[in-house]
Amino acid sequence: MPRPHLLMIGSGPEIMRGYMLQAAAARHPILLIDTSAPTWQLPYIRDHVVVSDLSRTAAVAAAADALAGRQHIGGIVTYDEFQLLTTAKIAEHLALLANSPAAVRACRDKATSRERLAAADVPSADFTWVESLQEAVRAADRMGFPVVLKPSSSAGSMGVTRADSVRDLARAWDVAIDGAAHQGFEGHSGGVLVEEYLDGPEISVETLTDQGITTPIAVTRKSLGYAPYFLETGHTVTGADPLLPAVAPTAAAALRALGITHGISHVEMRLTPSGPRIIEVNARLGGDRIGQLVHHATGIDLAGAAADLAMGHHPTLNPTRASTAAIGMLYPTSDGYLTQRSLQPGRPGDGVEDFQWLCQPGVAVTLTPSSQHPNNTRVGFAVVTGATPEDARHNLSAALERAQIRVHSSAAHAA
């Protein structure tokens with residue numbers, strides 16, 4: 001019997017997703033379907049097919065059939081939010097273990113998510129689905145300010161903004177509509193959600209669901225900035241975080257309400273005065289290297305666990321560490337063009353695990369997320385570890401202070 005291969009749909013950028021592919025390939029031979037020929041992925045894959053658009057299910061199914069004719073496929077996975085629905089449909093086509101397309105669609109469509117959470121009495125936010133600015137005004141008046149406007153299929157905070165008064169709604173509407181135009185999926189009705197603003201610290205719960213049973217793995221504590229947008233400036237994971245037992249039941253209830261029975265999930269919530277309330281559920285490993293933070297802090301390899309689950313194996317979840325890991329993002333000082341970037345040398349034992357630049361000198365950078373510049377709100381990031389949360393915060397602050405960036409309003413001054 002030939003060794004079963006794991007089919008991966010999309011691979012994403014190496015800087016943020018490379019560790020995921022590497023972890024999966026260390027456990028299983030990988031087949032890849034992607035929109036361009038592999039480059040950095042080549043050491044980790046056994047075969048591949050290129051398609052023009054991963055959202056076109058028929059084309060991806062044909063590519064999967066071609067790979068299945070050459071190799072034995074035993075599982076399927078994606079780490080990309082925008083490929084979740086296609087992956088679920090291809091799993092159904094190949095009779096592989098995965099969440100149902102209906103469950104994935106319920107997570108991706110934020111209006112459906114809110115409806116299902118409400119029906120199951122899982123605390124989230126009051127919301128109204130609207131199709132015009134006038135409807136948004138009426139919804140905000142009913143809820144009371146502040147409110148949050150977001151595309152109903154948003155990801156990565158694209159198009160999500162806060163409005164503190166009726167004067168802010170036109171701006172917030174334009175931002176949300178811009179995001180909605182570029183984040184839909186097959187069968188999605190579009191539109192914008194006007195939501196109650198949830199006050200309190202933001203966290204996510206990283207979970208593993210196997211045959212419908214959810215195990216909480218870690219809490220990620222988030223830092224946000226650049227209001228009225230919700231730009232994530234950092235994430236911190238601590239092994240054996242005492243908050244985990246308090247928030248895990250809400251995360252598990254949200255997954256049940258949405259029909260998630262399989263895989264790694266990233267469940268976002270706010271710790272409000274009335275208790276934890278769900279922001280959204282992502283049926284995949286968290287971005288921003290959160291899986292890597294969990295590995296540094298606990299020893300649990302979520303990327304590898306996702307691959308094992310896809311192949312029908314039951315991952316080992318025993319923590320082997322209890323430290324803290326954090327990632328911090330470098331944002332531009334203003335809108336303009338990145339003219340200079342530099343990094344002063346570190347010192348031994350400074351806790352820095354990685355530092356990466358995300359923008360080259362000469363490119364336009366912005367503090368206003370938009371479809372024209374979806375990735376240029378961030379200039380770089382640092383990943384650090386520490387024995388305690390205080391150590392990690394100190395190491396992260398020191399690492400980010402070593403980075404120097406300059407932004408100029410004119411492209412003529414760019415390198």
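Biologist: Over how many bridges do strand 5 and strand 8 pair?
Modeller: This is a predicted model, where local features need pLDDT of at least 70, side-chain atom pairs count only at pLDDT 80 or more, and totals for chains, interfaces and linings use all residues. Residues are numbered from 1 along each chain as its sequence is written, and side-chain values use heavy atoms, leaving out hydrogens and water. Strands (E, at least two residues) and helices (H or I, at least four) are DSSP runs numbered from the N terminus, and two strands pair if DSSP finds at least two bridges between them. Strand 5 runs antiparallel to strand 8 (residues 192-196), and their bridges number four.

Biologist: What is the strand order of the open sheet?
Modeller: The sheet's edges are strand 5 and strand 7 (161-163). Its four strands pair in the antiparallel sense, in the order 5-8-6-7.

Biologist: At about what angle does helix 6 run to strand 5?
Modeller: Angles run from 0 to 180 degrees between N-to-C directions, with axes fitted as lines to C-alpha atoms, for helices over the stretch in contact (heavy atoms within 4.5 Å). Helix 6 (residues 133-143) lies across strand 5, strand 6 (147-151) and strand 8, and its angle to strand 5 is about 170 degrees.

Biologist: How many disulfides does a search of the whole structure find?
Modeller: A disulfide is a pair of cysteine sulfur atoms within 2.5 Å. The number found in the whole structure is zero.
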